[in-house]
Amino acid sequence: MSMVLDVFVGNTTIMDMDIYQLWLDGLTVREAVKARMDQGALLECEANAEVLMSDTMDQFRTFQLCERLLHSPTKLANQLLFQIPSQHQRMLIEKYYEFDSVFAREVLGKKLSKGTKKDLDDISSKTGITLKSCRRQFDNFKRVFKVVEDLKGPLVENIQHHFLLTDTQARDYAAIVFFANSRFETGKRKLQYLSFQDFAYCASQLIQYWTTGAVDSMVEDMDVDLEKEFLHELKDLKVLVNDKNMLDQHKVLVCAALRGKIKVYRLMEANFKVIEPCRCDRWTLGEVTLFLTQYTNAAHGLGTFSRQVVWDRYMGVIRSCILRMYHE
């Protein structure tokens, strides 16, 4: 059956954001056409399957041609090949650099190298995210990391400047860069219940208070590397655990401050630790908050403990991260 189509010519590149999302999700043209048909595109456009296939192929071809520009977003506004309105440019960039939190959780803390990239097949099967989408997200992580890892200045601002991302996106990428550089062990069994956003919050705390940038705002790797002097000073805090006399004094002061104030007092007294007992014994958020406050403050009452400044800097971040991770 023949069809009559209206045709117009213009120099503005037409991009359908719904089809763009299908392309970003890693669908083939045929899979994308089926998805569009399932969504009622034939009725909406009053077209047949052949026209829908042609339109989808044309859109996919345009996205593929634009992709190299999206690798360097600042070039998109200055190129002449595609006449794309500025608001559409922003959408193209933001959507291209979006990622799935479950995917980010799987690669968090791993080296962004070919070795990790070989694991993407398994990650794709585990998460249900297409392999093509996994590769795009991984390559984006790696690209951002390479561009900003040695730059001076705040990490989030550098990411925003070079990749034109939103503040939220830039902060999430900052977390990925930070963990990729620091290689924290985020894959341990006891940490599996934590989400990417939990780790992203902790990364923001570590960047703000523990990195080189916390004491010097214009050095290379300021928000990527932990401050060496601070890490060295942390060794002095081991005395609170290794010195039995001081450990007992600390426990006595904390217990005295909490006696009668929390329902889990006896459990706390018998098991003077934090995260796991808190979760297993179902402490309330209020009880955990009060315990951490007194645990931090009690160290100031130890006459022979002299590392108060380092202790407060350390516990400030630990307290924030534990409260973020703790779920009632």
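What covers the buried residues of helix 1? The cover includes helix 2 (29-38), helix 4 (49-70), helix 5 (86-96) and helix 9 (131-148), where contact means heavy atoms within 4.5 Å and helices (H or I, at least four residues) are DSSP runs numbered from the N terminus. The model is predicted, so that local features need pLDDT of at least 70 and side-chain atom pairs count only at pLDDT 80 or more, while totals for chains, interfaces and linings use all residues. Residues are numbered from 1 along each chain as its sequence is written, and side-chain values use heavy atoms, with hydrogens and water left out.

Helix 1 spans residues 17-24, and because 6 of its 8 residues are buried, it is largely enclosed by the rest of the structure. The buried residues are Met17, Ile19, Tyr20, Leu22, Trp23 and Leu24; buried here means under 20% relative accessible area, exposed over 50%, and partly exposed in between, with a 1.4 Å probe and protein chains only. At the N-terminal end, helix 1 is capped by Asp16, a side-chain oxygen of which lies 2.8 Å from the backbone nitrogen of Asp18. After helix 1 comes Gly26, with a positive phi near 85 degrees.

Two packed helices are described by the angle between their axes and the distance between the axes. For helix 1 and helix 4, the axes come within 10 Å and cross at roughly 70 degrees, the axes being lines fitted to C-alpha atoms over the stretch in contact, with angles running from 0 to 180 degrees between N-to-C directions. The two helices are therefore roughly perpendicular to each other, a term that covers angles of 65 to 115 degrees. On the helix 1 side, Ile19, Tyr20, Leu22 and Trp23 meet Asp55, Thr56, Gln59, Phe60, Phe63, Gln64, Glu67 and Leu70 in helix 4. By class, this contact has 7 nonpolar, 3 polar and 2 charged residues, with Ala, Val, Leu, Ile, Met, Phe, Trp, Tyr, Cys and Pro counted as nonpolar, Asp, Glu, Lys and Arg as charged, and the others, Gly among them, as polar.

Leu164, in the loop between helix 10 (155-163) and helix 11 (167-182), has a positive phi of about 55 degrees although it is not a glycine, and with a relative accessible area of 39% Leu164 is partly exposed. Arg183, in the loop between helix 11 and helix 12 (196-209), likewise is a residue other than glycine with a positive phi, near 60 degrees, and at 45% relative accessibility Arg183 counts as partly exposed.

Note on methods: A polar contact is a pair of N or O atoms within 3.5 Å; within protein, one must be able to donate a hydrogen and the other to accept it, and residues adjacent in sequence count only if both atoms are side-chain atoms. Angles under 35 degrees count as roughly parallel, over 145 as roughly antiparallel, 65 to 115 as roughly perpendicular and the rest as oblique.
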